[in-house]
Amino acid sequence: MSGVRVIKFDREAGTAQPGGEELLDQLGGSEKAWLWVDISGAPSGEKDRILRELFEIPQLAIQDANRSRHPPKLEHIGDNEFLMLRDIVEADGDERAVVKQLSFFIGLNFMITVHAEDSPSVEKAWAEALTNRDLAARGPAHLTYRLTRNIVDAYTPIVLGHEEALAE
């Protein structure tokens, strides 16, 4: 999956409406609505424009989000939070993992995820967001928690696989 996809959540109705960039026009239309914007694939001018113009994300943060490698970090930017993590995108039987950058921008009425390749953690959260009515009411911070929990769950078997060696 490459491109921009959006879910518009209605806190009161408990609904999640999936769509594309057309839903971005509804940002800020109501205090009861909020958006999850998932941006995947190679960086592009259009993706950067969405972040910069619609969400007022600073250019340096956009550059960090588009980097293939960056140490994990949490940064407060204005009224929003910027979180960078490493997501496991593939693990083999030898407990080796392929990790990729996953960036989050979290505000009162939005959560944006930015990743260069498909992310199993994002896909799991996306599927849950479309079916779990409770997520709409709980908002972007809780969805961020759920998605980061998926990442932790992906790391757990790998860490446990190394437990004996680490103990020695």
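The model is predicted, so local features need pLDDT of at least 70 and side-chain atom pairs count only at pLDDT 80 or more, whereas totals for chains, interfaces and linings use all residues. Residues are numbered from 1 along each chain as its sequence is written, and side-chain values use heavy atoms, with hydrogens and water left out. The secondary structure comes to 6 helices and 7 strands, where helices (H or I, at least four residues) and strands (E, at least two) are DSSP runs numbered from the N terminus.

**Overall form**

- Read from the N terminus, the elements of the chain follow the order β-β-β-α-α-β-β-β-β-α-α-α-α.
- The radius of gyration of the chain is 16 Å, close to the 15 Å that the globule rule gives for 168 residues, so the chain is as compact as a globular protein of that length; this radius is taken over C-alpha atoms, and the rule is 2.2 Å times the number of residues to the power 0.38.
- Along its principal axes, the C-alpha trace spans about 55 × 35 × 30 Å.
- Of the 168 residues in the chain, 42% are buried, a term that means under 20% relative accessible area, with exposed meaning over 50% and partly exposed in between (1.4 Å probe, protein chains only).
- Among contacts (heavy atoms within 4.5 Å) with a separation of 6 or more, 58% are accounted for by residues 24 or more positions apart.

**Surface and charge**

- The accessible surface of the chain comes to about 9,000 Å², and 51% of this surface belongs to carbon and sulfur atoms; the areas come from the Shrake-Rupley method with a 1.4 Å probe, and for residues only the protein chains shown count as cover.
- The chain has 18 positive and 29 negative charges, whose mean positions are 2 Å apart; Lys and Arg count as positive and Asp and Glu as negative, while His and the chain ends are not counted, and each charge is placed at NZ of Lys, CZ of Arg, CG of Asp or CD of Glu.

- In helix H1 (residues 45-54), the buried residues are Lys 47, Asp 48, Ile 50 and Leu 51. They cover an arc of only 155 degrees around the axis, which puts them on the same side of H1; the arc is that of the directions from the helix axis to the C-beta atoms.
- In H2, the buried residues are Ala 61, Ile 62, Asp 64 and Ala 65. Seen down the axis of H2, these residues fall within an arc of 160 degrees, so they line one face of the helix.
- Arg 52 is placed in helix H1 and is partly exposed, with a relative accessible area of 35%.
- Leaving aside neighbours within four places in sequence, Arg 52 is in contact with Ile 57, Gln 59 and Ile 62.

**Loop residues**

- Glu 56 lies in the loop between H1 and H2 and counts as exposed at 66% relative accessibility; its phi is near 55 degrees, a positive value in a residue other than glycine.
- Arg 67 lies in the loop between H2 and S4, where it counts as partly exposed at 42% relative accessibility.
- His 70 lies in the loop between helix H2 (59-66) and strand S4 (73-77), and at 13% relative accessibility it counts as buried.
- Not counting residues up to four places away in sequence, His 70 touches Asp 64, Met 84, Arg 86 and Gln 101.
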